[in-house]
Amino acid sequence: MTEVKANMAGNVWKVLVSEGDTVDSSQDIVILESMKMEIPIAAEASGTVKELKVKEEDFVNEGDVIAIIE
């Protein structure tokens, strides 16, 4: 099981996957908006998205868990 974490604080601009989706390592999971920049957050491992911890327009801090991949 792998936790995908935010690497900086920002608003969740777009969620690119759904629970149950299969993702590849380095595939973008969400896009954060911070300081008017779009920052993609990618999966660190291949697997299935077990749980999404955020939704669009949520605010996350650096280190917050965005998704869990099995």
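Two strands count as paired when DSSP finds at least two bridges between them. Strands themselves are DSSP runs of E with at least two residues, numbered from the N terminus. Keep both rules in mind for the sheets below.

This is a predicted model, in which local features need pLDDT of at least 70, side-chain atom pairs count only at pLDDT 80 or more, and totals for chains, interfaces and linings use all residues. Residues are numbered from 1 along each chain as its sequence is written, and side-chain values use heavy atoms, with hydrogens and water left out.

**Stop 1: the sheet with S1**

Select S1, S8, S6 and S3. These 4 strands make an open sheet in the order S1-S8-S6-S3, with antiparallel pairing. Strand S1 (2–5) and strand S3 (22–23) are the edges; each has a single partner strand, so one side of each has no neighbour in the sheet.

Now keep S1 and strand S8 (residues 65–69). The two run antiparallel and are joined by 4 bridges. Pick Glu3, and look across to Ile68 in S8, which stands opposite.

**Stop 2: the sheet with S2**

Select S5, S4, S2 and S7. Here, too, 4 strands form an open sheet, in the order S5-S4-S2-S7, and the pairing is antiparallel. Strand S5 (37–42) and strand S7 (59–60) are its edge strands, each pairing on one side only.

Zoom in on strand S2 (residues 10–15) and strand S4 (residues 28–34). They run antiparallel, with 4 bridges between them. Asn11 has Glu33 in S4 as its bridge partner.

Stay in strand S4 and select Ser34. For accessibility, buried means under 20% relative accessible area, exposed over 50%, and partly exposed in between (1.4 Å probe, protein chains only). Ser34, at 10%, counts as buried. Next, show its contacts (heavy atoms within 4.5 Å). Leaving out residues up to four places away in sequence, Ser34 touches Met8, Ala9, Gly10 and Ile39.

**Stop 3: two positive phi values**

Move to the loop between S4 and S5 and select Lys36. Lys36 is not a glycine, yet its phi is positive, about 65°. Its relative accessibility is 80%, so Lys36 counts as exposed.

Then go to the loop between strand S6 (47–52) and S7, where Glu57 lies. Glu57 is another residue other than glycine with a positive phi, near 80°. At 72% relative accessibility, Glu57 counts as exposed.

**Stop 4: salt bridges**

Side chains of opposite charge can pair when their charged atoms come close. The rule used here asks for a side-chain nitrogen of Lys or Arg within 4 Å of a carboxyl oxygen of Asp or Glu. By that rule, there are 4 salt bridges.

Lys5 is partly exposed at 40%, and Glu3 is partly exposed at 39%.

Which residue forms a salt bridge with Glu70? Select Lys50: the closest N and O atoms are 3.9 Å apart. Glu70 sits in the segment after S8 and Lys50 in strand S6, so the pair ties together parts 20 residues apart in sequence. Glu70 is exposed, with a relative accessible area of 55%; Lys50 is partly exposed at 45%.

Finish with Asp58 and Lys55. They form a salt bridge whose closest N and O atoms are 3.3 Å apart. Colour Lys55 as exposed, with 56% relative accessible area.
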